[in-house]
Amino acid sequence: MERITKKRFDRINAVADRRGVIGAAAMDQRGSLQKAIAKAKGVEVAQVSFEEMSEFKTVVINELSQHASGVLLDTEFGLEAARHRHDAGLLLAYEKTGYDTSDNSRLPDLLPDQSVKRLLEAGADCIKILLYYDPFADPRTNDRKHAFVERVGAECAHYEAPYFLEFVSYDESGRLSALEYARKKPEIVTACTREFTKPHYNVDVLKIEVPINLAFTSGTRAFQGGEAAYSREEAKQHFLSASEAATKPFIYLSAGVSDAVFRETLELALEAEVPFCGVLCGRATWQDAIPVYGQHGRNALEEWMADRGRQNILALNEILKKAHSWQDYYAGRLEVV
């Protein structure tokens, strides 16, 4: 029997819909968003102001939160957007943007002026951490990352704050080609899932990558042609193998692909009968709005979000009608105390 406190239980439900499916919109990008807006405006990154970052996030969240069960934001630029959300729960990011670039270990760090207590006081229902992870990297590097995840888990447990762990896989060696990495990705994502679903990390919901790259999957609309990493049927088996490694509810992240590719990926997961309990979808829904904002300003952004942005999230919500409740994952083994 898995035990969860009533406060933690209610806070997870705050970012889920009535069925217990998590259909959340991610808008916690910081450095990458500044760079993208700068490129769209034709200026240096330093010329993208706090006000512009906050304005972009506010417009996006004002629209998407009307159709999402929750939103993920950051405290640096996203608190104004949080105040403009509609009936949607709030996840706040606890990690610094980016990672240590002195080598390829991609070690994480926490925001120096935040704590789980402070994030809850800022209105968070749930806490999110992003971790870059290669399960086959130097064991000393991964041991430091394991300790990092454990520390945040202990802090979340103390304050009864649901812990969403997002891991993004990568190749620490930097030697694999795109095709080689696509072939290895199912093994990598499965190993990541198996590691961080262990109970001592105190993770409540895993935010995971899909275990395949649709561009290298033959028999799909997104297949780019040439040599495939796997067939459609093989990709479905990879979805199942990765999901079977999880002992916690998990949701999928969009990882920057287009909205069409992300939807097709989720359709493949449903075809494989994977019991995922939702998504935390970011750039797939709104990334095409960045040049609109950069070149034409707020009014144009509002028009784009009310039209194309709304269409994107509603199309995603149609797919999520077949997703599972996060509580279903425990199959009656969840005790609220």
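Colleague: How do the axes of helix 7 and helix 8 cross, and within what distance do they come?
Modeller: In this predicted model, the axes of helix 7 (residues 178-196) and helix 8 (residues 232-244) come within 8 Å and cross at roughly 20°. Helix 7 is therefore roughly parallel to helix 8 (under 35 degrees; over 145 is roughly antiparallel, 65 to 115 roughly perpendicular, the rest oblique). Axes are lines fitted to C-alpha atoms, for helices over the stretch in contact, with angles from 0 to 180 degrees between N-to-C directions.

Colleague: Which residues make the contact of helix 7 with helix 8?
Modeller: Helix 7 contributes Pro186, Val189, Thr190 and Thr193, and helix 8 contributes His238, Ser241 and Ala242; contact means heavy atoms within 4.5 Å. Three of these residues are nonpolar, four are polar and none is charged (Ala, Val, Leu, Ile, Met, Phe, Trp, Tyr, Cys and Pro count as nonpolar, Asp, Glu, Lys and Arg as charged, the others, Gly among them, as polar).

Colleague: And helix 8 with helix 9: parallel or perpendicular?
Modeller: Helix 8 and helix 9 are roughly perpendicular to each other, since their axes cross at roughly 75° and come within 9 Å. Arg232, Ala235, Lys236 and Phe239 of helix 8 meet Thr265, Leu268, Ala269 and Glu271 of helix 9. By class, that contact has four nonpolar residues, one polar and three charged.

Colleague: What is required of a residue before it is used here?
Modeller: Local features need pLDDT of at least 70 and side-chain atom pairs count only at pLDDT 80 or more, while totals for chains, interfaces and linings use all residues. Residues are numbered from 1 along each chain as its sequence is written, and side-chain values use heavy atoms, leaving out hydrogens and water.

Colleague: Turning to the strands, which ones run in the barrel?
Modeller: Eight strands form a closed barrel in the order 2-3-4-5-6-7-8-9, with parallel pairing. From one strand to the next, the twist averages 25°. Helices (H or I, at least four residues) and strands (E, at least two) are DSSP runs numbered from the N terminus, and two strands pair if DSSP finds at least two bridges between them.

Colleague: How many bridges join strand 4 and strand 5?
Modeller: Strand 4 (residues 89-93) pairs with strand 5 (residues 126-133) over three bridges, in the parallel sense. Leucine 92 has isoleucine 127 of strand 5 as its bridge partner.

Colleague: Which helix lies across strand 5 and strand 6?
Modeller: Helix 6 (residues 139-158) does, running at about 175° to strand 5; strand 6 covers 163-169. Helix 12 (residues 298-320) also packs on the sheet, where it touches strand 2 (22-26) and strand 9 (278-281). The direction of helix 12 makes about 160° with that of strand 9.

Colleague: New topic: where is glutamine 29 placed, and is it buried or exposed?
Modeller: Glutamine 29 sits in the loop between strand 2 and helix 2 (31-41). It is buried, because its relative accessible area is 14% (buried is under 20%, exposed over 50%, partly exposed in between, with a 1.4 Å probe and protein chains only). Not counting residues up to four places away in sequence, glutamine 29 touches Met53, Lys57, Asp74, Arg283 and Trp286.

Colleague: What is phi of alanine 255, and of glutamate 273?
Modeller: Alanine 255 has a positive phi near 55° and lies in the loop between strand 8 (250-253) and helix 9 (259-271). With a relative accessible area of 44%, alanine 255 is partly exposed. For glutamate 273, phi is positive and near 60°; this residue is in the loop between helix 9 and strand 9 and counts as exposed at 68% relative accessibility.
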